[in-house]
Amino acid sequence: MAEYYHETNKVTKTWSSIKADNPNTSFSASPSVSTIERLGYKAVFETPAPSPSATTKIIIREGVEKDSKGNWVTKWVEKDRHADIVDKDGKVTTTKAAQDTAYQAKLDSDTATTNRIKRGTLLTETDFYALADVTLSDNMKTYRQALRDLPTHSKWPNLSDSDWPTKPS
């Protein structure tokens with residue numbers, strides 16, 4: 001949705017709200033640049049939100065700002081995901097650090113569950129090699145053992161693609 005910034009009033013509005021503010025004026029469905037500028041507004045260019053620097057951070061929109069070219073653009077800021085929880089007497093009942101730790105533990109638990117499912121699927125794909133009437137190659141034995149050993153990997157559960165064993169051909 002297109003937005004427009006009024007530099008004097010310091011407000012950001014949509015075209016619909018600008019038209020609603022001027023009920024006795026007839027406007028086209030979509031405005032021209034000159035119409036917007038005559039009303040004192042400038043177009044706001046939407047910029048993509050950056051990625052947070054950590055899982056305990058979030059990116060929120062905080063109005064608009066001018067970029068290096070003088071255009072009004074979406075302003076994004078990084079904030080902490082959690083804050084101390086304080087009771088009515090001002091006593092901290094849950095710290096930000098405790099919430100961050102619990103949140104990261106939940107993310108790690110979810111990732112571990114996903115990795116266990118992936119590992120189980122990869123083992124199932126090679127089960128037929130381990131049937132009594134099939135000789136299991138040493139490469140396949142090594143691969144299957146590496147899959148079973150993944151939970152002991154130093155990066156578990158946050159594995160990258162290169163941490164997974166390669167299926168032998």
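## The largest pocket

A pocket is an open set of grid points where a 1.4 Å probe fits, with protein on both sides within 12 Å along at least five of seven lines, and its lining residues have an atom within 4 Å of a point. In this predicted model, the largest pocket is lined by 14 residues. Those that lie nearest its centre are Val33, Glu37, Lys42, Ala43 and Phe45. Its volume is about 200 Å³.

Two elements give two or more residues each to the lining of the largest pocket: helix 2 (33-38) and strand 3. Strand 3 supplies the largest share, with 4 residues.

## Strand 5 and its two partners

Strand 5 (residues 72-80) runs parallel to strand 3 (residues 41-45), and 2 bridges join them. Across this pairing, Val44 stands opposite Trp72 of strand 5, and Phe45 stands opposite Val73 of strand 5. Phe45 is also one of the residues nearest the centre of the largest pocket.

With strand 4 (residues 57-66), strand 5 pairs in the antiparallel sense, over 8 bridges. Here Lys57 stands opposite Asp80 of strand 5, and Ile59 stands opposite Glu78 of strand 5. The hairpin of strand 4 and strand 5 has 5 residues between the strands, and in this hairpin Gly70 takes a positive phi near 85°.

## Helix 3

Helix 3 covers residues 96-125.

Which residues of helix 3 are buried? They are Gln99, Asp100, Ala112, Asn115, Arg119, Leu122 and Leu123. An α-helix has 3.6 residues a turn, so residues three or four places apart point the same way. The buried residues of helix 3 pack against strand 6 (85-86), strand 7 (92-94) and helix 4 (138-149).

Partly exposed here means a relative accessible area between the 20% limit for buried and the 50% limit for exposed. Gln104 lies in helix 3; its relative accessible area is 27%, so Gln104 is partly exposed. The C-alpha atoms of Gln104 and Lys75 are separated by 27 Å, with the two residues 29 residues apart along the chain.

Leu107 is also placed in helix 3. With a relative accessible area of 26%, Leu107 is partly exposed. Leu107 and Val11 are 96 residues apart along the chain, and their C-alpha atoms are separated by 38 Å.

Conventions
Residues numbered from 1 in each chain as written. Predicted model: local features only at pLDDT ≥ 70, side-chain atom pairs only at ≥ 80, totals over all residues. Heavy atoms only, no water. Pairing = 2+ DSSP bridges. Expected span 1.5 Å × (residues − 1). Buried < 20%, exposed > 50% of the residue type's maximum accessible area, 1.4 Å probe, protein only. Contact = heavy atoms within 4.5 Å. 1 Å grid on protein atoms, 1.4 Å probe; cavity = no way out; pocket = protein on both sides within 12 Å on 5 of 7 lines; lining within 4 Å. Points joined across faces, edges and corners; volume = space filled by probe spheres on them.
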